[in-house]
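Please examine the sequence and the model shown below. The paragraphs that follow lead through selected helices, domains and single residues.

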Amino acid sequence: MSVVYFVVQQMMLFSIPLLIVALGAMYSERSGIINIAMEGIMLMGAFAGTLFLKFTDGTMSGQLQLILAILISAVVGIVFSLLHAYASINMKADQTISGTALNMFAPAFAIFTARIVQPEHVQQVQFTNTFRIARVPILGDIPVIGDMLFKNAYITTYIGFVILAVATYALYKTRFGLRLRACGEHPQAADSVGVNVYRMQYAGVIISGALGGIGGLVFVVPTSTNFNATVAGYGFLAIAVLIFGQWKPIRILFASFFFGLMKTIAASYSGIPILVDLGIPSYFYKMTPYIATLIVLVFTSKNSQAPKAEGIPYDKGAR
Amino acid sequence: MKRNRLTSVLAAALATTMAFTACGSSNSNSGNDSSKSNDTTTSADSKNEESADGYEVALVTDIGTIDDKSFNQGAWEGVEKYGEEKGVSYKYYKPVEKTTVAYEDTMKLAIEGGAKVVVCPGYLFEQAVYDLQTEYPDTKFILIDGEPNDGSGTYKTAENTLPILFEEDQAGFLAGYAAVYDGYTKLGFMGGLALPAVMRYGYGYIQGADYACEELGIDSVELKYNYTGTFTASPEVASAAAAWYQSGTEVIFGCGGGIGNSIMSAAEDANAVMIGVDVDQSSESDSVVTSAMKLLSNAVYDGVKSYFEDEFKGGETVTYDASVDGVGLPMDSSKFKKFDEKTYEDIYAKVKSGEVKIDNDVTKEVTGIETKHVKVVVVE
C-alpha cells in the first residue's frame, strides 16, 4: 500500500501545477482569447515567487511565506498577461503571435533581472524549501485518504483543489461565468444583449495570468532547490491538458491526473518493486504518457468542444 | 476546422519552444555582459590600461554561463584569479549556439579582441580547437576535458594547445569510499548522459564503494546506477530520486548539472542525503553530504600562468589527478559521521600513490566494471 501512497504523493507534483495552469488557460480561451503564453506566464510567476522566497528567507514562518509568494506570483502573472490582453483585445493582434512573443520574452527577462537584482549576480534564484507538511493534523490520521493526500504534502495541493472548486462554480453558476462563456462562443450575440465583450475578455486573460503565475511557483518549489529560468515546457503541457480536458474544469482535473500519473510512473518505476519485477523494458514506461495521449485524442478529438469564437479578434462591426 | 485548431496550437507550441531556446541563450548573453563580466573586466582592465590592447586571456563558454556552478564557472574562476593577481586583462565570450561553427566564430572573435590565451571548457570544443590550433599558431589554447580531434577519430595536439583531462574516477572513488565508510549500504548514482566524464565519475564511485567494503568486511552494499538523459532540473528527475529514496536508497550521487538540484529537493523531502559533483555544492542544500570535486580553477590557473611565465607546455595532454591534488572531497563542508579527516588522508594517499587501481575504461559498459562486494543494479 505504501507504494500507492507514494505514487499519489508524487503525482501531485506533476498534476497540481498542470491543473492550475490549465484552468487558467481555460478561462482565457472560454472568453475567446487563445493563450499560448502560459509557459511565459508560469515562468514569470515562478521567477517573482522564488525571488520573494529568497529575499524573505528566515523572516517569517514557512506557510505564510509560501502564501505571500503565491500572491506575488499571481500579481506578476496578471501584469504580464495584460500585455497579451492589450495586444490581442485592443490591438486585435494575432493571438498566437502575441503569446509566442511573451514566451520568448519571459526567460530572457528572468535571467537578465536575476543577474541584476541578486547580490551574487547569478541567474539561478536559490530558495530554501521549508514548506513541506510531513502530516496534516487530524486529517492525516484518516485511513487511506490521509496517507495519500495529507502526508508529505504541500499546501499548494489544497490550494489547487480550492481553485478547481471556485473555477467550476464561477464558470457554470454565476452570471459572470455565463457571460464569459457567451463571449467565447458568439461575442456579437453577447454584445447585442449588453455584455461588454472587451471587459469579459480582459477578465478571462487576467484570470489566466493569475493562475498561470501561481502554477509556475507551484511547479518549481517542490522539484528543485533553485529557479533557473525554465519551467521545462509545462506551460505547453498544460495547454495540452486543456484540450485533452475539452475546456471543461472537471475533465481538466481528470486529464491532469492522467498526465501526472503517467509521468510519475515513467519517472519513478525504478523505485517501485512491483513494476521492476515485471521486467518490462524501461522505454515502455517512458513512452506510455505519449502513446496513451495519442490514443485518447484519437477517440475524443472528433467531438472537440473548443469555444467557437476563440482566436478571432472581436470586431464590433462584424455581423 | 476543429482539427486545424489543434494542429495550429501544437505547431505554435513547437515553434515557440524552438524560438525560446534560441532567444533564451542570446538574451542571457546580453545579461552576462551587462552585469558580471563588465564589472570584472573593467576593473581588471583599469589596472593595466597602458599595456592592454584588448583582452589577453579569453574564456569561451560552451553555451552555459559562467555561474553554472560547474564547468564554465570553475574555468572562469581560474581565469579570474590569475587576471586579478597579475593584473592581466581577461574577458569571457559566449557563443550564440552549441555548434562547432559558433564556437570557432566566437574563438576568432576572442583572438581578434587581443586574446593570447583562449580557455575552452569542455569536450564540446575538441573539434573547434583542432581546427583553430593550426590556423592561429601564435595563440595558445587550453582545452579542458578533451583532446583536439577532427570529429572522426584523427587526434592531433599542436604545440600551442594544452589539453587538460581529469581523473574523475578518482573523485568518484573517494565519494563512493566515503559513503560506504560512513555506513551507507544502499547507494545510488544518477548521471546526466553517458559521456566519458560522467561515466568515469560513476565507475570510480562503484569501485570506491567496493574498496571500502573490502576494507571494512561489508558484503551487502547495493548500488543503483542510472543515466537520466538530461542535465536540467525537472519533476521527472525529482520523482525518480524520490522513488529511489522511498525504496530504501540512502545516498544518491547526482552527477550532471541541474539534475543535482532536483535530487537535492527529493533528498530534503525524504530527509536523506546526496553527493554533489564538480564543485563544492554544500551551499545549495543541507542535503549535500559531500561533493566529488575536480579542481578546475587550479588547472586553468596553472595553464594560464605557465603561458605568462614562458613555460607553456603545449602539444601534450596533462592529466589532473590526485597526485597534483586535482580532484578531491571538500572535507571542511562535508557532513560525515565516521569518515574523518584522517581516514580521508589515508585513502587519498593510497589513490595518489597508485596503490588502488581504478578501472576508468569508458569504452566498457557499466556492467563491465568488476565488483567483489557491491551489487550494481543498472536502471535504464
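In chain A, the helices α6(A) and α7(A) are roughly perpendicular to each other, a description used for angles of 65 to 115 degrees, whereas angles under 35 degrees count as roughly parallel, those over 145 as roughly antiparallel and the rest as oblique. Helices here are DSSP runs of H or I with at least four residues, strands are runs of E with at least two, and both are numbered from the N terminus. Helix α6 covers residues 155-173 of chain A and helix α7 covers residues 175-185 of chain A; they pack at an angle of about 75°, and their axes are 5 Å apart. Each axis is a line fitted to C-alpha atoms, for helices over the stretch in contact, and the angle runs from 0 to 180 degrees between N-to-C directions.

The model is predicted: local features need pLDDT of at least 70 and side-chain atom pairs count only at pLDDT 80 or more, while totals for chains, interfaces and linings use all residues. Residues are numbered from 1 along each chain as its sequence is written, and chains are lettered from A and ligands numbered from 1 in the order in which they are written.

Which residues of α6(A) and α7(A) meet? From α6(A) come Ala170(A), Leu171(A), Tyr172(A) and Lys173(A), and from α7(A) come Phe176(A), Gly177(A) and Arg181(A). The residues of this contact divide into 4 nonpolar, 1 polar and 2 charged. In this classification Ala, Val, Leu, Ile, Met, Phe, Trp, Tyr, Cys and Pro count as nonpolar, Asp, Glu, Lys and Arg as charged, and the others, Gly among them, as polar. Two residues are in contact if their C-beta atoms, placed from the backbone, lie within 7 Å.

Another helix of chain A is α3, residues 62-90, which has 29 residues and reaches 41 Å from its first C-alpha to its last, close to the 42 Å expected at 1.5 Å a residue. The expected span is 1.5 Å times one less than the number of residues. After α3(A) comes Lys92(A), with a positive phi near 55°.

Lys151(A) belongs to strand β3, residues 151-153 of chain A, and is partly exposed, with 17 other C-beta atoms within 10 Å. A residue is buried if 20 or more other C-beta atoms lie within 10 Å of its own, exposed if 12 or fewer, and partly exposed in between, with C-beta atoms placed from the backbone. Apart from residues up to four places away in sequence, Lys151(A) touches Ala134(A), Arg135(A), Gly140(A) and Gly146(A). Is Thr264(A), by contrast, buried or exposed? Thr264(A), in helix α11 (residues 249-268) of chain A, is buried, with 28 other C-beta atoms within 10 Å. Its contacts beyond four places in sequence are Val7(A), Gln10(A), Met11(A), Phe14(A) and Ser239(B).

Chain B contains 10 helices and 13 strands, and 55% of its 380 residues are buried. An automatic or database domain assignment divides chain B into domain 1 (29-166) and domain 2 (168-295 + 327-379). The C-alpha centres of these domains lie 30 Å apart. Their contact takes 7 residues from domain 1 of chain B and 8 residues from domain 2 of chain B. On the domain 1 side, the largest share, 3 residues, comes from helix α2 (residues 71-86) of chain B.

Helix α6 of chain B, residues 196-216, has 21 residues and reaches 30 Å from its first C-alpha to its last, close to the 30 Å expected at 1.5 Å a residue. Because 17 of the 21 residues of α6(B) are buried, this helix is largely enclosed by the rest of the structure. Just after α6(B), Gly217(B) takes a positive phi of about 70°.

Most residues other than glycine have a negative phi. Asn271(B), which is not a glycine, has a positive phi of about 50°; it lies in the loop between α8 (259-269) and β9 (273-278) of chain B and is exposed, with 9 other C-beta atoms within 10 Å. Asp310(B) also has a positive phi, near 60°, and is found in the loop between α9 (296-308) and β11 (318-320) of chain B. With 6 C-beta neighbours inside 10 Å, Asp310(B) counts as exposed.
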